[in-house]
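Biologist: Could you take me through a close look at a single part of this model, the place where the two chains meet? I would be glad of one connected answer, with the cut-offs spelled out as you go.

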Number of protein chains: 2
Amino acid sequence: MKQIKNALIAQSGGPTAVINASLAGAINQYISTDGAGTIYGAVNGIKGVLRDDLINLSEFFNDENKLDLLVQTPSSFLGSCRYRLENINEESKQIISLFEKYDIGHFFYIGGNDSMDTVMKLAPLCSEKGINVIGIPKTIDNDLMGTDHCPGYGSSAKYIASVISQMALDAGCYDIKNVLIVEIMGRNAGWLTAASALSRSKAISAPDFIYLPERIFDYEKFLYDIRRKLMTQNTVVIAVSEGIKDADGKYIAESDPAPKKDMFGHGQLGGAGKKLELLVKKRLGIKVRSVELNIPQRCASHCTSLTDVTEAYNCGAHAVICSLNGETGKMITMTRNQSSSYSIQYNCTDVSVAANGERMVPDQFISQSGNDVTNDFIDYVSPLIIGEKNIKYVNGIPAYIVR
Amino acid sequence: MKQIKNALIAQSGGPTAVINASLAGAINQYISTDGAGTIYGAVNGIKGVLRDDLINLSEFFNDENKLDLLVQTPSSFLGSCRYRLENINEESKQIISLFEKYDIGHFFYIGGNDSMDTVMKLAPLCSEKGINVIGIPKTIDNDLMGTDHCPGYGSSAKYIASVISQMALDAGCYDIKNVLIVEIMGRNAGWLTAASALSRSKAISAPDFIYLPERIFDYEKFLYDIRRKLMTQNTVVIAVSEGIKDADGKYIAESDPAPKKDMFGHGQLGGAGKKLELLVKKRLGIKVRSVELNIPQRCASHCTSLTDVTEAYNCGAHAVICSLNGETGKMITMTRNQSSSYSIQYNCTDVSVAANGERMVPDQFISQSGNDVTNDFIDYVSPLIIGEKNIKYVNGIPAYIVR
């Protein structure tokens, strides 16, 4: 039996509800392979590699129940970091010396654009030592190039659409005119905000309007949209990206002079949703509320998409397969099969594709009016939120595993 | 077979995730009773009674699947109102005339304190006409007197505790000192904020501190608490009621001079959480984020407590049983049985008990230090979040029924 060199895995960037599913997929694939050595995890991403802070995952996950718990635990089990290798000559020496110390032949980095930058920089240097480096995509923002979509996006989309449908019912319970503005994550790309359209069903027409950062936000058009809609219905529900900007390229969230500083030392008013709430109140004199969906968008493990969880897991597993096959400097990708029912193929692509780009919502997914998405987008996104992951609860609360 | 007079039911006040379970319980109990007539629903609470806006619920819910969907639909299916009978002489004539028009013998009002005030005012006047009036408790705030707890509270508590546990994992993923402040509903009573303690498990110690409106909020003590905790851990998670007040009885949310008005015409800064975020940033110079859990606290139908859903349903059913037994002017209550395992008895009590009071978190549930809850509270609240309601999804989103 061929002996396989040890493996090391780490997580980086903002966490998601399924980033640990990718970790679980990689661990399980590695330890199930004949001749496998030990798989280690670095604490707090590449920082843990630089300071030799590793966990023996083969030992830690010595039974299947623990891996099952890992799959349903949100946030980064190994801890995360926001760290770009800037001094690559010095740092790579340190990293490779750690790899050699632990006899690592396979390094996996789960993350977004910045993490893929790390993979891209390390891979050629590691290749001289026979060490493979593979990136595993992760981002709720769905903005990585080279893959049909990103693990993490489907679960966030499902949470956002579910919560908006519930809030729309809530907002409509009184017989008075009112506006609900929901602010959704996405500083540059509007993928998450676009997914709010999945709230719509036979029972629910909300959101009525969807504003993405890919289009210039026009205050007067926005007020006109609301006024017009209020003529035929009591409740208007609006989804906006945190990153919407005006014609001058200025974030709506930063669109007015800082208010007088107070005893708290800050005048910060909150995000785009809060700004638009104040605008609607002043200009339309109507009941209005803004809700920032905030952190639960990326960690609501009680509302994950089974499709997304499964794909995240499989991306982790596929990374191990690719590395064992000798691939390096690659990122795992998902390709949608051309068939009537949704299915995915796992591949890998040169990591530079993902490291250097940021994928925006394309024109064909945004309505002509600029305040909605198209049916093409609905066709694209719908399969990603299908299925519910049955999770284990303890004492009425989702169960987690921590290191 | 004895003919039963028709019934009318309505919903009032802020909705919950399970207010429709009570509606479903009442409908099912009524239509399953031998000799039952028709059960109607008034649209938008007592306002629908005043303007003769009724739905025939016997007809609408002509199959069980629809009732099942009703149980899992958040917000008030019938629509709600915030309306107190002030001109009782005039209004009661109008109401009773409608009751007579539809041959109503049983009127059920699902709601909180204000709704129980309506029941209290109507019951004696209706009793002359042989019409029974029963209140069905509903409030996420858990502040109704006369009952062990209120339908709606358990599901909100479960949602709050689950989301805090997830956000605590998220906040702890980097190796940097940071503070997360979670603002929870409860203007006067701290029941919901207290329930955040249920987030704690073997894996999670958050929230580290819990501040209720039942205690005076002291800025310096708050900062001291955080500073001390940061000496031993990286991430401090804090749960605060929206209704916390300072020693002068002033809401923390309104605690500083209004900032300069801007182009939006308002200087409003947001709630208590946002205020404390700014305070921590200024005084401790540390990474801090505040999250307002907002509307999902009362409508997260994808995260309801099976115990709560069942009890809400049973309260609705028990109201019908009581009214058919000739009770009037009563509110349905739950009494906890004195036994080792949790169980409930459904009773009813004079509605004036609930109409005139507001139940605060008692002293024995709040820690001496004033920044946490006691084990007595944990014993009280733990059973209320147990069990998960399996809900039906369509296209990846919870399914609902609307009128």
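Modeller: The contact (heavy atoms within 4.5 Å) draws 76 residues from chain A and 76 residues from chain B. Chain A and chain B bury about 6500 Å² between them, and carbon and sulfur atoms give 60% of that area. Buried area here is the accessible area (1.4 Å probe) that two parts lose on being put together, summed over both. The rule finds six salt bridges across this interface, a salt bridge being a side-chain nitrogen of Lys or Arg within 4 Å of a carboxyl oxygen of Asp or Glu. One pair to look up is Arg298(B) with Asp170(A), whose closest N and O atoms are 2.7 Å apart.

A word on how to read these values. This is a predicted model, in which local features need pLDDT of at least 70 and side-chain atom pairs count only at pLDDT 80 or more, while totals for chains, interfaces and linings use all residues. Residues are numbered from 1 along each chain as its sequence is written, chains are lettered from A and ligands numbered from 1 in the order in which they are written, and side-chain values use heavy atoms, with hydrogens and water left out.

Most residues other than glycine have a negative phi, and most peptide bonds are trans. Ser75(A) has a positive phi near 65 degrees, and Ser75(B) has one of about 65 degrees. Ser75(A) sits in the loop between helix 4 (64-71) and helix 5 (88-101) of chain A; helices (H or I, at least four residues) and strands (E, at least two) are DSSP runs, numbered from the N terminus. Ser75(A) is buried, at a relative accessible area of 2%, and Ser75(B) is buried too, at 3%. Buried means under 20% relative accessible area, exposed over 50%, and partly exposed in between (1.4 Å probe, protein chains only).

The peptide bond between Ala206(A) and Pro207(A) is cis, with omega about 0 degrees, and Pro207(A) belongs to the loop between helix 8 (191-195) and strand 7 (209-211) of chain A. In chain B, the bond from Ala206(B) to Pro207(B) is cis as well, with omega near 0 degrees.

Finally, helix 1 of chain A (residues 19-31) is mostly covered: 10 of its 13 residues are buried, among them Ile19(A), Leu23(A), Ile27(A) and Tyr30(A).
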